[in-house]
Amino acid sequence: GGYKEWGGRDDPTYWALNMNGAYYHPEFSTDGIAYNYYSGIEVEAFGITHDHVNGGYVQVGGQYHNYMTISKVTATGSADTGFDTDGEVSFSAVPLCRGSRVQTDSLGNFVAVGDCSPTNNSANYDMTVWRFQSDGSLDTSFDSDGYFIHSAAAGGTSQHDRGNDLILDSNGDIYITGESHNDTDYDMVV
């Protein structure tokens, strides 16, 4: 997964290769490439996962750091209309968000990690975790609103935290790795 310019703008793009590395996978669209078209905006995608519970593939990214996006296609590469009716969701409850990675949990929910700027200031961003239900809606049983924000993991007054990757264990617990600024430099955070 990633993004590609389609018709003069970036959209989340899925590439499928066979096990030998050939650019074409016959079960995934006609040429092994699929994309989700976000009407009127450019969207970049950074992480992808296989939905091992309901089938298909899910990507997470953002619209030039304005809001986080998550999109889903079926196993054949078409937009999954069971995922927010058009296969795409944009999260804009907190300004300036971007998703970095996404995983599927054992119930078919999607957990994504990245960062947001609750102060609407691109110089101040905080690590953010979202959990979406299989239909694309936020899972409000997760931190009461479907997302969790954390800042200053490395201490100091600087508010630069970013989640770069995550894994889920067999209990559904979430482990995140990323970075946090301690007023002097960036530290790795787990």
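Strand E10, residues 126-132, is mostly covered, with 7 of its 7 residues buried. The model is a predicted one. Asp 126, Thr 128, Trp 130 and Phe 132 point one way from E10, and all are buried. Met 127, Val 129 and Arg 131 point the other way and are buried as well. In a regular strand, side chains alternate between the two faces of the sheet.

E10 has antiparallel pairings with E9 and E11. With E9 the antiparallel pairing extends over 7 bridges, and Gly 114 has Thr 128 in E10 as its bridge partner. Strand E11, residues 147-150, runs antiparallel to E10 and is joined to it by 4 bridges. Here Thr 128 stands opposite Ile 149 of E11.

**Overall fold**

The chain contains 14 strands and 0 helices. Read along the sequence, its pattern is β-β-β-β-β-β-β-β-β-β-β-β-β-β. Of the 190 residues, 44% are buried. Among contacts with a separation of 6 or more, 45% are between residues 24 or more positions apart. The chain exposes about 9100 Å², and carbon and sulfur atoms supply 49% of that area.

**The disulfide**

How many disulfides does the structure hold? There is 1 disulfide, formed by Cys 97 and Cys 116, with their sulfur atoms 1.9 Å apart. The link between Cys 97 and Cys 116 is right-handed, with 110° about the S-S bond. Cys 97 lies in the loop between strand E7 (88-91) and strand E8 (98-104), and Cys 116 in strand E9 (residues 110-116), so the pair ties together parts that are 19 residues apart in sequence. Both Cys 97 and Cys 116 are buried. A disulfide is a covalent bond between the sulfur atoms of two cysteines.

**Salt bridges**

A search of the whole structure finds 4 salt bridges. Side chains of opposite charge can pair when their charged atoms come close.

| Lys 72 | Asp 51 | 2.8 Å |

Asp 51, Lys 72 and Asp 80 are linked in a network of salt bridges. The salt bridge of Lys 72 and Asp 51 links distant parts of the chain: Lys 72 is in strand E6 and Asp 51 in the loop between strand E4 (44-50) and strand E5 (57-62), 21 residues apart.

Asp 139 and Arg 131 are both buried.

**Loop residues**

His 52 is found in the loop between E4 and E5. The C-alpha atoms of His 52 and Thr 104 are 7.2 Å apart in space, while the two residues are 52 residues apart in sequence. Leaving aside residues up to four places away in sequence, His 52 touches Thr 104, Asp 105 and Ser 106. The side chain of His 52 reaches the backbone oxygen of Thr 104 at 3.3 Å.

The loop between E6 and E7 holds both Asp 84 and Thr 85. Asp 84 has a phi near 55°, a positive value in a residue other than glycine. Thr 85 is not a glycine either, and its phi is positive at about 65°. Thr 85 counts as exposed because its relative accessibility, 64%, is over 50%.

Definitions and conventions. Residues are numbered from 1 along each chain as its sequence is written. This is a predicted model: local features need pLDDT of at least 70, side-chain atom pairs count only at pLDDT 80 or more; totals for chains, interfaces and linings use all residues. Side-chain values use heavy atoms; hydrogens and water are left out. A disulfide is a pair of cysteine sulfur atoms within 2.5 Å. Helices (H or I, at least four residues) and strands (E, at least two) are DSSP runs, numbered from the N terminus. Buried means under 20% relative accessible area, exposed over 50%, partly exposed in between (1.4 Å probe, protein chains only). A salt bridge is a side-chain nitrogen of Lys or Arg within 4 Å of a carboxyl oxygen of Asp or Glu. Contact means heavy atoms within 4.5 Å. Accessible areas come from the Shrake-Rupley method with a 1.4 Å probe; for residues, only the protein chains shown count as cover. A polar contact is a pair of N or O atoms within 3.5 Å; within protein, one must be able to donate a hydrogen and the other to accept it, and residues adjacent in sequence count only if both atoms are side-chain atoms. Two strands pair if DSSP finds at least two bridges between them.
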